[in-house]
Amino acid sequence: MFSPLTKSRILKFRSIKRAWYSLLILSGLFLISLFSEQVANDHPLLLRYDGHYYFPTLKFYSGGTFGGRYKTGADYLVLRNDPAFKLKGGWMLMPPIPHSPLHSYLDLPDNPPHAPSWQHWLGTDSAARDVLARLIYGFRMCMIFALALTFIGTVLGIVIGGVQGYLGGKTDLTAQRLIEIWSALPFLYVVILVGSIYGQNFVILLCVTALFEWISLSYYMRGEFLKLREQPYVWASKALGAGHARILFRQMLPNAMTPVITLLPFGIVGGITTLTSLDFLGFGLPPPTPSWGEMIAEGLQNLQAPWLATSSVCALFITLLLATFIGEGVRDAFDPKSLSKLQ
């Protein structure tokens, strides 16, 4: 399945313990976050009522399903203490963290934000929402955004940079001048302008950010393809009548993947910091979407509640540190001349 060279690179990456364990930890945390509704939620995982079983984290149930008067969503916080619910043999199994990132727990004593307690391990924010639940959902949002952004930016960077380097000449020079003009546009202003016209949401923010993400990778791919286009196997493929697409993607691209692979982890780091920065400034995801940037900004506004900024900054620091260790390990594994001190 893998060539001997690829196998040796994988083994070299695994030998870099810091990078290998960072990959396992970050991948495990991301896998858990994909099931955030089953980890942190005020909806039960399993509910039994009147002899029937229900799965509220997977399906919507109205209050009328459990003896209520209204067809709106069931309030499980009230339902589990309802005597009529218990008379029907009702019971529920709650997630490990029985709090929703969007629910405001206004029944707590004192005014929010509330300090960490046995009920809310990392406390609540200024809207009385559980901080730990918002951290978990915010981590999933950051990782999905960063992975999607890296994927789109990588595809665009490979195609645009590869075509530039393969064709060369006037096509390359013209495209390079256009890229320089595009890269000179102020990214933040573009985000503000598009957000004010079309609104703030995940897809629009991802698309706008991806329009700038591919530029740096295209420079590397352009250089690689400019070098590879003069190789004998490329001339041989042209002589045999192979099409441009086949030569570009089947012959040259596999030999130009080293910059792509080494830059992937650092692209994820850039995606996380970009989303966090935009959310911190208020130009990212719309409220009340759980976001680390919004939590850091809220911590700055509530310095009397240090658990707000501390928890979000620590989570961001650990995530970026793990991703950086992975990136350093990949770079060392794919670049034998690397002089990194993180081996």
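User: Why is Asp 110 called exposed?
Analyst: Asp 110 has a relative accessible area of 69%. Exposed means over 50%, buried under 20%, and partly exposed in between (1.4 Å probe, protein chains only). The value of 69% is over 50%, so Asp 110 is exposed. This is a predicted model, in which local features need pLDDT of at least 70, side-chain atom pairs count only at pLDDT 80 or more, and totals for chains, interfaces and linings use all residues. Residues are numbered from 1 along each chain as its sequence is written, and side-chain values use heavy atoms, with hydrogens and water left out.

User: What makes Ala 128 buried?
Analyst: Its relative accessible area is 0%, under the 20% limit, so Ala 128 counts as buried. Ala 128 sits in the loop between β3 and α6, and its phi is also positive, near 65°.

User: How do you know that the bond from Pro 112 to Pro 113 is cis?
Analyst: Omega is near 0° for that bond. Pro 113 lies in the loop between β3 and α6. Another cis bond joins Pro 287 and Pro 288, with omega about 5°; Pro 288 is in the loop between α13 and α14.

User: Why is Pro 186 called partly exposed?
Analyst: Pro 186 has 41% relative accessible area, which falls between 20% and 50%, so it is partly exposed. Pro 186 is in the loop between α7 and α8. Its C-alpha atom is separated by 35 Å from that of Ala 333, 147 residues away along the chain.

User: What makes Ala 84 partly exposed?
Analyst: Relative accessibility of 44% puts Ala 84 in the in-between class. Ala 84 belongs to helix α5 (residues 83–87). Ala 84 and Pro 254 are 170 residues apart in sequence and 66 Å apart from C-alpha to C-alpha.

User: Why is Gln 176 called buried, and what does its side chain contact?
Analyst: At 8%, Gln 176 is under 20% and therefore buried. Gln 176 is part of helix α7 (residues 169–183). Its side chain is 2.8 Å from the side chain of Gln 164, a polar contact. That term means a pair of N or O atoms within 3.5 Å; within protein, one must be able to donate a hydrogen and the other to accept it, and residues adjacent in sequence count only if both atoms are side-chain atoms. Leaving out residues up to four places away in sequence, Gln 176 touches Gln 164, Tyr 219 and Arg 222, where contact means heavy atoms within 4.5 Å.

User: What makes a set of residues a nonpolar core, and which members of the largest one touch the most others?
Analyst: The members are buried Ala, Val, Leu, Ile, Met, Phe, Trp, Tyr and Cys residues joined through side-chain atoms within 4.5 Å. The largest core has 41 residues, and Phe 13, Leu 26, Leu 205, Ile 272 and Trp 292 touch the most other members. Helix α15 gives the most to this core, eleven residues. Leu 205 has contacts that include Phe 145, Val 191 and Leu 275. A second, separate core of 13 residues includes Tyr 166, Val 234, Ile 247 and Val 260.

User: How confident is the predictor in the protein, by mean pLDDT?
Analyst: The mean is 90, and 97% of residues reach 70 or more, on a per-residue confidence scale from 0 to 100. Over residues 338–343 the pLDDT is below 50. Where pLDDT is low, the predicted coordinates should not be read in detail.

Note on methods
Helix = DSSP H or I, 4+ residues; strand = E, 2+ residues; numbered from the N terminus.
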